Amino acid sequence: MKVEDVTRIRLGTFVRPPEETETGSPRIEEVLGYLARTPAGILLLDTGLGDAGEETEAWYRPRRGARWELLDGEAELARGVHVIPTPGHVDGHQSVVLECDGGSIVLAGQ
C-alpha cells in the first residue's frame, strides 16, 4: 500500500456556534473520513459523527452523509489494516493504522 492509496472524503458537516469561533459568527465545519485501497479491498474510515445525544445534536446541528456502524476495541479488519483505541479525545475514540510500503499511516479523526 502507498500513501496515494489513501483519499480524504467529506462525510458530513456541523455548525460551530458563534460562542466557539474567534469571529463570533457561526461556521460550518466538515467531518472528514478516509478511503484506503488495501490488499483486502476498500476501507472506509468514518472519523466520527455518531449520535452525541439530543442536547449536543441541537447545539451542533450535524448533517450526516453516511451511515455508521460502531466497532469497539482493537481489531484487524484485514491484513495490514488495524483499528486501535486512541483514548483521550472522546470516550471510545479509535484510529486506523495502515501498514504501507516503507512504514505505516495512522488515520485519526479531528
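Biologist: In what order do the four strands of the open sheet stand?

Modeller: Strands are DSSP runs of E, at least two residues long, numbered from the N terminus. Two strands pair if DSSP finds at least two bridges between them. Here the order is β5-β6-β7-β8, with antiparallel pairing. β5 (75–78) and β8 (103–107) stand at the edges with a single partner strand each, so one side of each has no neighbour in the sheet. On average, neighbouring strands are turned by 25° against each other, direction ignored; axes are lines fitted to C-alpha atoms, and angles run from 0 to 180 degrees between N-to-C directions.

Biologist: What should I know about the model itself?

Modeller: It is predicted: local features need pLDDT of at least 70, side-chain atom pairs count only at pLDDT 80 or more, and totals for chains, interfaces and linings use all residues. Residues are numbered from 1 along each chain as its sequence is written, and side-chain values use heavy atoms, leaving out hydrogens and water.

Biologist: How many bridges join β5 to β6?

Modeller: Three, linking β5 to β6 (residues 81–85). Ala75 stands opposite Val83 in β6.

Biologist: What joins β2 to β3?

Modeller: A hairpin, through two residues. Six bridges join β2 to the antiparallel β3 (residues 41–46). Gly33 has Asp46 as its bridge partner in β3.

Biologist: Is Leu45 buried or exposed?

Modeller: Buried means under 20% relative accessible area, exposed over 50%, partly exposed in between (1.4 Å probe, protein chains only). Leu45 lies in β3. Leu45 counts as buried because its relative accessibility is 12%. With contact meaning heavy atoms within 4.5 Å, Leu45 touches Leu11, Gly33, Tyr34, Val96 and Leu107, not counting residues up to four places away in sequence.
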